[in-house]
Amino acid sequence: MNTIPDSSEPPDFSLVLGGPLYQLLVRSHLATPTLDLVKRRVVIITLFTWLPLLILSLVDGKAWRGVGMPFLYDIEMQARFLVALPLLIIAELLVHQRMRLIVGQFIDRDLITEEILPKFKAVIASAMKLRNSVAVELVLLVSVVLVGHYLWSTVSGMAKIGSTAGTWYAVKTDVGIDLSLAGYWYVFVSRPIFQFIFIRWYFRLFIWARFLWQSSRLELNLIPTHPDHAAGLGFLGVSSAAFTPWLMAHGALLAGLIANPIFFAGAKLTDFKIEIISMVAFLLLIVLGPLLVFTPRLMRAKRTGLREYGMLASRYVREFDLKWVRGGAVDDEPLLGSGDIQSLADLGNSFQVIRDIKPFPFSRDTVMQIIVFTVLPGLPLLLTMIPLEELITRIVGAVF
């Protein structure tokens, strides 16, 4: 089995460098071909979606008074446009930089042999072709504009407006919803932009999951004795770190959704345990679920390794027994300092590594990191239940 030569240049793989929106950002000088200028994108896109809402709310007299939910009091909207949206934009650069290196590990670790390299390149090319699809992004855009608007106008928006004495963006009348000036910008500009960027991320995650599934079908050169306890695939667990801003964006959305009822409707944080647990479980499934496609490969590598190294161990310990226990060693060969003892120990360690192979290429620490980054934006809501001084005391007590 021939491995391919080492290469300092990682494969041309990126989940974000493609598609009509990417081309638009590059041509409008909001991004470079390598996705630099992230600060410029964050500032301009955020201001384009949020600042008109503030100005128009001020014009309508609904920025901090005049309706049941003034604009500056709407924590959900502030979390959406001032926290979640910038995080989704920042996530693009991090995912681009990290994922390319992670995919390169398939080659750097000799998991891809010369025989399957053309197939692996075809898998990458297929992923990049799907990423660049104009049709898919058009479908996403139409879905946001038509389906999203229909659902909001018939279900979500009506429910929120009906729960208060009107909001900064609309009031409910006998004939339907009467949008304010800020409401028109929110419904037809800000909300569609956010939803398109948000849903587009799930399309990228689908591309990533599809790439992993197709790669898992290849005859990878897995090494059962690899110390990562994943036959050399342990690097895939690191991919979750690339989605840290994306995870925090979801946490910010959930925190904003919870904050309004807590501050303005008398709800308690404990009333939302199911929503918090469901969100964490959902994100764990989205980020780590695609990695489970390698489970059959890992289990097969474990079974093969136990069988092959088991036979090797049997031959070695039999010869070791004949030599050092049954008197087979030559008279002038000292036992003290013999390399046979160390080789026996090394063989035992290798066999234990194989026995410890996990059925998935990530660790418990990876799971905990996802949970922490998801709930992190909502930690300030703990102050609604525990005074800040008491919270600090408990944290310090837990650490020291």
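**Exercise 1.** In which segment does Leu15 lie? State also whether Leu15 is buried or exposed, and list its contacts.

*Solution.* This is a predicted model, in which local features need pLDDT of at least 70, side-chain atom pairs count only at pLDDT 80 or more, and totals for chains, interfaces and linings use all residues. Residues are numbered from 1 along each chain as its sequence is written, and side-chain values use heavy atoms, with hydrogens and water left out.

Step 1. Leu15 lies in the segment before H1; helices (H or I, at least four residues) are DSSP runs numbered from the N terminus.

Step 2. Leu15 counts as buried because its relative accessibility is 1%; buried means under 20% relative accessible area (1.4 Å probe, protein chains only).

Step 3. Contact means heavy atoms within 4.5 Å. Beyond its neighbours within four places in sequence, Leu15 touches Val95, Met99, Arg131, Arg204, Ile207 and Trp208.

Step 4. From Leu15 to Leu130 the C-alpha distance is 9.8 Å, although 115 residues separate them in sequence.

**Exercise 2.** How do contacts in the protein chain divide by separation in sequence, and what share of the residues is buried?

*Solution.*

Step 1. Take the contacts between residues at least 6 apart in sequence: 78% of these join residues at least 24 apart.

Step 2. The protein chain has 400 residues, and 44% of them count as buried.

**Exercise 3.** Which helices does the protein chain hold in number, and how many strands?

*Solution.* The protein chain has 13 helices and two strands, a strand being a DSSP run (E, at least two residues).

Note on methods. Buried < 20%, exposed > 50% of the residue type's maximum accessible area, 1.4 Å probe, protein only.
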